[in-house]
Structures are given as structure tokens and as C-alpha cells.
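Hi everyone, thanks for coming. Have a look at the sequence and the structure on the screen, and I'll walk you through a few spots in it.

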Amino acid sequence: MAELGEYHERRFDGKRDFKLLDDRIEIEGSASLGSSFELKIPLNTLSPEIDRLWSRPPGFWSGVIMALIFLAGPQCFLNAMSTSAIGLLSVFGIGGLLLALATRKRVEWVVFKNLAGTTGIDIAKVGPDTSQFEEFALSVSNAIRLNKERTDGKNGT
């Protein structure tokens, strides 16, 4: 199988490496402090239309909630709490604030739906290859179209 392109994604919560072949897309990755995975998705199971969305990483809202709970919450109970408890809660609150700051930027995603109409593959515009993001997304779309034409031609439709 001929390789048509590669794209490397690096996010706060993990990394993924995409390899586009003429009949499938292969994805290798790992979650931060978590598991590793390898996926092989046949192109004939995907739609070539590109959908886009922009979202903040899940860590952003977790950080905001941590900051609010651990920084604002103890203010209500200052008289009833020990200095060490206030200090500990402040550390968690500052950690939440730092997490929210580190993940505050919205990330652009392209999404290719599968035949059922749900997300088949999503690719984020983050990491070392952001300048190649548009080109790679178009390469995936074109490869899906070409694969469908070849498959339809073999089936006689």
C-alpha cells in the first residue's frame, strides 16, 4: 500500500500519529499517563465530507471547576478551617487555575463521519504539524473519494 501522508498531533491529554494509505488510515497514539492504542480504519467506511468544530480540551473545564471549588469554597469556612487545610485547598485551587490556563485555547478539529453518520475519525490542529493540517485533511478527503471510486468500479456500479 502506498503512503499518501502523515500527520502528528500533540495535545495536553495525549498524542496521535496518523498515516494515510490508499485504502486505510492508521492511527497510533497514547493518552497522557494512560494507555496506548493502534487503529486501522478502512477509507471505504468513511464519508469524504469534512466537518469542523472548535472546542477547548476537557481539562479546561475541570481546571475552572477545581479553581472555583478550592479557591472560592474555603472562603465560606475560613474560621472553621485550620491553616494547613486552607493551604492544601489553595494548592488544589492554584493547580486547577494552572490547568485551565494551560488548556484555555480552543482547538480546531476536522471530522470525517462513518457510514452510520457518527464520528469515524477526528483530527486536531495541534502539535508540530499544524502548518500541514489543511493539506492533510484534504488528502484524507481525496483519498476517501478515490477509494470509493475504485471500490465502486470493482463492484460494477
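How many aromatic pairs does a search of the whole structure find? It finds four. Rings of Phe, Tyr and Trp (its six-membered ring) pair if their centres lie within 6.5 Å; planes under 30 degrees apart count as stacked, over 60 as edge-to-face and the rest as tilted.

Before we go on, a word on the ground rules. This is a predicted model, where local features need pLDDT of at least 70, side-chain atom pairs count only at pLDDT 80 or more, and totals for chains, interfaces and linings use all residues. Residues are numbered from 1 along each chain as its sequence is written, and side-chain values use heavy atoms, with hydrogens and water left out.

Let's start with Tyr 7 and Phe 18, a tilted pair with 6.3 Å from centre to centre and 45° between the planes. Tyr 7 is in strand 1 (residues 3-11) and Phe 18 in strand 2 (residues 14-21), eleven residues apart. Helices (H or I, at least four residues) and strands (E, at least two) are DSSP runs, numbered from the N terminus.

Tyr 7 also pairs with Phe 136: the ring centres are 5.5 Å apart and the planes are at 20°, so this pair is stacked.

Ring pairs join Tyr 7, Phe 18, Phe 133 and Phe 136 into a cluster.

Now for the strands. Strands of a sheet pair through backbone hydrogen bonds, either parallel or antiparallel. Here, four strands make an open sheet in the order 1-2-3-4, with antiparallel pairing; two strands pair if DSSP finds at least two bridges between them. Strand 1 and strand 4 (36-42) are at the edges with a single partner strand each, so one side of each has no neighbour in the sheet.

What does the side chain of Arg 16 make a polar contact with? It meets the side chain of Glu 9 at 2.8 Å. A polar contact is a pair of N or O atoms within 3.5 Å; within protein, one must be able to donate a hydrogen and the other to accept it, and residues adjacent in sequence count only if both atoms are side-chain atoms. The side chain of Arg 16 also reaches the backbone oxygen of Asp 122, at 2.7 Å. Arg 16 is buried, with a relative accessible area of 12%.

Asp 122 takes us to another sheet, as it stands in strand 7, opposite Val 111. Three strands form this open sheet, in the order 5-6-7, again with antiparallel pairing. Its edge strands are strand 5 (51-55) and strand 7 (119-124). Five bridges join strand 6 (residues 107-113) to strand 7.

Last stop: Phe 92, in helix 2 (residues 83-102). Phe 92 is partly exposed, with a relative accessible area of 39%. Leaving aside neighbours within four places in sequence, Phe 92 is in contact (heavy atoms within 4.5 Å) with Met 66 and Phe 70.

Conventions
Buried < 20%, exposed > 50% of the residue type's maximum accessible area, 1.4 Å probe, protein only.
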